[in-house]
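These are notes for a colleague who has the coordinates open, arranged as numbered points. Please read them alongside the model and follow each residue as it comes up.

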Amino acid sequence: MALLNVLRFPDERLRTVATPVTDFGDALQQQIDNMFETMYHEKGIGLAATQVDFHQQLIVMDLQDEVERPKIFINPVLSKQSGDFSNDEGCLSVPGIYAKVDRFEQVTITAQDRLGETFTVDADELFAICIQHEMDHLMGKLFVDYLSPLKRQRIRQKLEKAARQQSKD
């Protein structure tokens with residue numbers, strides 16, 4: 001397994017719309033394993049393939065709680081949503097930044113597992129938020145897009161400054 005480079009906002013590659021996965025062969029299996037390793041290394045609970053410059057509809061997730069859940073979502077489709085839930089969100093591609101985002105409280109999605117088998121899952125609260133957040137990545141959308149233009153610009157400037165500082169060190 002290998003650690004992958006997580007793209008950081010405002011990298012334009014994060015805006016790429018992912019295409020459906022059609023090949024469930026060895027290359028995809030390696031990508032899944034690498035994404036899990038990267039997510040755990042970065043101390044995240046979810047990672048979309050777009051965030052590691054792999055533009056196919058693939059999400060890995062581990063909420064690291066007591067409930068066993070599917071952790072790989074390939075070609076996910078949101079079929080039902082209800083309720084309102086507002087929560088502070090963060091993102092591996094927007095490090096150190098948290099902001100309140102309104103999402104659906106419950107969602108139902110249909111996806112495929114790593115072998116291509118189709119499954120459906122009902123999710124609520126943090127699980128639902130994480131699914132929606134990661135599915136946004138597959139559409140080229142970031143949680144900062146839900147914020148005002150002024151807040152988004154401040155975040156961009158803060159991260160650009162941090163990247164410049166990091167490249168000097």
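This is a predicted model: local features need pLDDT of at least 70, side-chain atom pairs count only at pLDDT 80 or more; totals for chains, interfaces and linings use all residues.

1. Contact here means heavy atoms within 4.5 Å. On that basis, and leaving aside neighbours within four places in sequence, Ala128 is in contact with Phe104, Glu105, Gln106, Val107 and Ala123. Ala128 belongs to helix H2, where helices (H or I, at least four residues) and strands (E, at least two) are DSSP runs numbered from the N terminus. Ala128 counts as buried because its relative accessibility is 0%, buried being under 20% relative accessible area, exposed over 50% and partly exposed in between, with a 1.4 Å probe and protein chains only.

2. Residues are numbered from 1 along each chain as its sequence is written, and side-chain values use heavy atoms, with hydrogens and water left out.

3. A nonpolar core is a set of buried Ala, Val, Leu, Ile, Met, Phe, Trp, Tyr and Cys residues joined through side-chain atoms within 4.5 Å. The largest such core has 18 residues, and those with the most contacts inside it are Ile59, Met61, Phe73, Phe127 and Ile131. Strands S2, S6 (106-112) and S7 (118-124) and helix H2 each give two or more residues to this core, and H2 supplies the largest share, six residues. Apart from this core lies another, of 15 residues, including Ile32, Val52, Val60 and Ile74.

4. Met61 deserves a separate look: not counting residues up to four places away in sequence, Met61 touches Phe36, Met39, Ile45, Gly46, Lys71, Phe73, Phe127, Cys130, Ile131 and Glu134.

5. Helix H1 (residues 26-41) has 16 residues and reaches 22 Å from its first C-alpha to its last, close to the expected 22 Å, the expected span being 1.5 Å times one less than the number of residues. Among the buried residues of H1 are Leu28, Ile32, Met35, Phe36 and Met39, and the buried residues of this helix pack against strands S1 (46-48), S2 (58-61) and S3.

6. The peptide bond from Phe9 to Pro10 is cis, with omega near 15°, and Pro10 lies in the segment before H1. Just after H1, Lys43 takes a positive phi of about 65°. Gln64, which is not a glycine, has a positive phi of about 55° and is found in the loop between S2 and S3. Asn75, in strand S3, has phi near 50° and is buried, with a relative accessible area of 14%.

7. A pocket is an open set of points on a 1 Å grid over the protein atoms alone, where a 1.4 Å probe fits, with protein on both sides within 12 Å along at least five of seven lines; lining residues have an atom within 4 Å of a point. The largest pocket is lined by 22 residues, of which Ile45, Glu89, Gly90, Cys91 and Leu92 lie nearest its centre. Helix H2 gives the most to this lining of the largest pocket, with six residues. H2 also gives the most to the lining of the second largest pocket, with four residues; that lining includes Gln132, Met135, Asp136 and Tyr146.
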